[in-house]
Amino acid sequence: MSLWLDGEVSPHYPRLDGDLTADVAVVGAGIAGIATAYFLASTGAKVVVLEARRVADAASGRNAGFLLAGVAENFVAASRRYGERNALRIWRFTKRTQALVRSLVKEHAIDCALRWNGSDQIAGDDEEWREIEQSARQLSAEGVAVSVDRASHRATYAEDGEMHPVRWVRGLAAAAVKKGARIHESTRVAAVHPGEARTATGVVRAGAVVLCTNAYTAHLATSRVRPVRGQMLATAATAPVFDRPAYANRGYRYWRQTSDGRVLVGGWRDTAVDAEVGEEERTTEVIQRQLEAFLNEHAITAPVTHRWAGTMGFSHDALPYIGRIGEGVFVCGGFTGHGMSFGPASAELVAALVRGSTHPDAELFDPSR
């Protein structure tokens, strides 16, 4: 079981029992769905959230709890892929998430162990180090607080953060309910049609339906999001080892130490690319053995207390799909392992589109791109 989900006590929301009408039906109660509901309810919209499991039970409760700016790779690699102008827009978009998190956690007194200790980006080879070093120079010129350590081949981004992701999402869910949103757990949506979301226990008729289903979107609509598995482990509390979250080897390896001393390690998916796909949330010996080897390399002897896997939704270009995909149907997903960093800003964007407003970054994440 995920460290974040183990032992968490939070409100249970009822299963849908009968038909409802709403302005907007949101399918999925991870960070994207809950934030979308929050932003829409804040404008007075009548919002119903439908979740097959519990709030934050899927990928939002199975990640590392990082709040990093940008995409998985360094800024130079992102510029090569998207162009420097768009890479800067993406960076600023994820900075918007950080601003939203700061504001919402403070406004609603959400106890989610939020810390802003920065993050380390660590090179796996000389080529990556050259890119990381150049990325730091370019972003520093844009006003980003970043420093480099040539001896350890790392760049430290001072403004990044970390949190307890389940407490964050469930805390925001409680805030959304106070704004008037309704949440129904244990309510799997079987089909979506213009103006309605159908479940086994009722139908929600709404002016708009927003699919915040990430890896599972293809169950309800034509989608390019593909399911990819990520694995992690956590140890018992131990002496301080790491100062801040770290992303290494182009984002394929990552680790952090929580405020109570637990070490979390995840990734190594690149060593079993063909196997780490699909919706099955199970750990494998191949990956877990490598996570344990990382602990050994760093002389971490605290026992492993938790092992878990989660299903991420990957897009074709590592950017989320946000926008209208059919008559009255919108999508917000495909975060490619970065739902915590993209989710709130993406929710703000899709909420604006649902309301009929414009957004300066809408075309960057258009599902039809």
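Trainee: How much space lies in the largest cavity?
Mentor: The largest cavity holds about 200 Å³ of space, where a cavity is a set of points, on a 1 Å grid over the protein atoms alone, at which a 1.4 Å probe fits but cannot get out. Grid points are joined across faces, edges and corners, and the volume is the space filled by probe spheres set on the points. Before we go on, please keep in mind that this is a predicted model, in which local features need pLDDT of at least 70 and side-chain atom pairs count only at pLDDT 80 or more, while totals for chains, interfaces and linings use all residues. Residues are numbered from 1 along each chain as its sequence is written, and side-chain values use heavy atoms, with hydrogens and water left out.

Trainee: Which residues lie nearest the centre of the largest one?
Mentor: Its lining has 21 residues, and A69, V71, E73, W91 and Q121 are the ones nearest the centre; a lining residue has an atom within 4 Å of a point. At least two lining residues come from each of α2 (75-82), α3 (84-107) and β4, and these labels refer to DSSP runs numbered from the N terminus, with helices being H or I of at least four residues and strands being E of at least two.

Trainee: Switching to the sheet, what is the strand order?
Mentor: The open sheet of eight strands runs β5-β6-β4-β13-β14-β15-β12-β16, with mixed pairing, and two strands pair if DSSP finds at least two bridges between them. β5 (146-149) and β16 (304-314) are the edge strands, and each has a single partner, so one side of each is left without a neighbour in the sheet. On average, neighbouring strands here are turned by 20° against each other, direction ignored, with each axis being a line fitted to C-alpha atoms.

Trainee: What packs on it?
Mentor: Helix α4 (residues 126-141) does, touching β4 (119-122), β5 and β6 (154-157), and its direction makes about 30° with that of β6. Contact means heavy atoms within 4.5 Å, and for helices the axis is fitted over the stretch in contact, with angles running from 0 to 180 degrees between N-to-C directions.

Trainee: Is E131 of that helix buried or exposed?
Mentor: E131, which is found in helix α4, is buried, with a relative accessible area of 7%. Buried means under 20% relative accessible area, exposed over 50% and partly exposed in between, using a 1.4 Å probe and protein chains only. Leaving aside neighbours within four places in sequence, E131 is in contact with N74, V76, A77, R80 and R250.

Trainee: G313 is highlighted on my screen beside F335. What does F335 touch?
Mentor: Not counting residues up to four places away in sequence, F335 touches A32, N214, G313, P320, F342, G343 and S346. F335 sits in the loop between β18 (329-333) and α7, and is buried, with a relative accessible area of 4%.

Trainee: Last one, where is the kink in α7?
Mentor: In helix α7 (residues 339-354) the kink of about 25° is centred on A345, the bend at a residue being the angle between axes fitted to the seven residues ending there and the seven starting there. The helix is mostly covered, with 14 of its 16 residues buried, and G356, whose phi is positive and near 90°, follows α7.

How values were computed. On a 1 Å grid over the protein atoms alone, a cavity is a set of points where a 1.4 Å probe fits but cannot get out, and a pocket is an open set with protein on both sides within 12 Å along at least five of seven lines; lining residues have an atom within 4 Å of a point.
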